[in-house]
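Here are some notes to read alongside the model. They are meant for someone opening it for the first time.

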Amino acid sequence: MKAKGKLYLIPTTLGDNAPLEVLPISIKGAIDNIDYYIAENEKTARRFIKKIHARKSQPDLHFEQLNKFTDPSEIPSFLNPCLEGFSVGLLSEAGCPGIADPGAEVVRIAHQKNIQVVPMVGPSSILLAMMASGMNGQNFAFNGYLPIDGSEKKAALKKLERHSRDFQQSQIFIETPYRNDKLFEELKKTLQSNTLLSIASDITLPTEFIQTKTVSEWKHVTISLHKKPTIFIFQA
């Protein structure tokens, strides 16, 4: 019986910087040997692969797109190359596959099919922000997106703040970049003045901004986070 291929979880850059400035050389080794890929956007995935390996034949690459429009019933077939002995690369749009990323479903199916999953080293904005926050790295939770509705968002923040205080747990979340500034203002109005709030924006890019202050101190700071990928962390 022919050996199965593996599913490689291949991190990408967090912005438009040179890949090998923030990615290990092992990423290039994987891309050199893989022609089957699963990605959110084929165009950006091809651009990333070309940056890593400029001479790799683009016509020989095979892509399956995994995003909010993908029919869930089609996802298992994305791993068919593995069953035929070919390895498959799972690419995120930014950062690490499977973390705040639809690729987690592919990984789950790979385990069901007894396909070896190989996570590769690369930048995760969530972990990098947590590392740089100075908050509790022993006990933290990633909450994804908060509710869009104003009153529901305020209630969610209050609940997370109580949980943070009771369990000394750092609370991590994200927002759609064009709503960052609005969320920042809501955080300053809703959270207790002595709650620590960390803002980590454009991580690994030349414009990187990471600062931790109390909510009271943030009220005297003017920053623009508009359309900048940002991680928010607080600890009461």
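Predicted model: local features only at pLDDT ≥ 70, side-chain atom pairs only at ≥ 80, totals over all residues.

**Notes on the model**

1. Let's begin with a pair of helices: α7 passes α8 in a right-handed crossing. On the α7 side, the contact is made by Lys 153, Lys 154, Leu 157, Lys 158 and Glu 161, and on the α8 side by Leu 183, Glu 186, Leu 187 and Thr 190.

2. How are α7 and α8 turned relative to each other? Helix α7 covers residues 150-167 and helix α8 covers residues 180-190, and they pack at an angle of about 55 degrees. Their axes are 11 Å apart. The two helices are therefore oblique to each other. As background, residues three or four places apart in an α-helix point the same way, because there are 3.6 residues a turn.

3. Stay with α8 for a moment and look at what is tucked away. Its buried residues are Asn 180, Leu 183, Phe 184, Glu 186, Leu 187, Lys 188 and Thr 190. Which elements cover them? The cover includes α7, along with strands β7 (170-174), β8 (196-201) and β10 (230-235), and helix α9 (215-218).

4. Now step back to the whole protein. It has nine helices and 10 strands, and 43% of its 236 residues count as buried. The C-alpha trace spans about 60 × 35 × 30 Å along its principal axes. Of the contacts with a separation of 6 or more, 75% are accounted for by residues 24 or more positions apart.

5. Next, Thr 13, which sits in the loop between β1 (7-10) and α1 (19-22). Is Thr 13 buried or exposed? Its relative accessible area is 10%, and the cut-off for buried is under 20%, so Thr 13 counts as buried. A polar atom of its side chain lies 2.8 Å from the backbone oxygen of Gly 15. Leaving aside residues up to four places away in sequence, Thr 13 touches Pro 19, Val 22, Leu 23, Phe 48, Glu 93, Ala 94 and Gly 95.

6. How far is Ile 52 from Phe 69? They are 17 residues apart along the chain, and their C-alpha atoms are separated by 28 Å.

7. Most residues other than glycine have a negative phi. Thr 204, however, has a phi near 75 degrees, a positive value in a residue other than glycine. Thr 204 is found in the loop between β8 and β9 (209-214), and with 25% relative accessibility it counts as partly exposed.

8. The second one is Lys 227. Although not a glycine, Lys 227 has a positive phi of about 60 degrees. You will find Lys 227 in the loop between α9 and β10. Is it buried or exposed? Its relative accessibility is 60%, and exposed means over 50%, so Lys 227 counts as exposed.

Methods. Residues numbered from 1 in each chain as written. Heavy atoms only, no water. Helix = DSSP H or I, 4+ residues; strand = E, 2+ residues; numbered from the N terminus. Buried < 20%, exposed > 50% of the residue type's maximum accessible area, 1.4 Å probe, protein only. Polar contact = N/O pair within 3.5 Å; in protein donor to acceptor, adjacent residues only side chain to side chain. Contact = heavy atoms within 4.5 Å. Axes fitted to C-alpha atoms, helices over the stretch in contact; angles between N-to-C directions. Parallel < 35°, antiparallel > 145°, perpendicular 65-115°, else oblique. Left-handed = near helix turned anticlockwise from the far one by under 90°.
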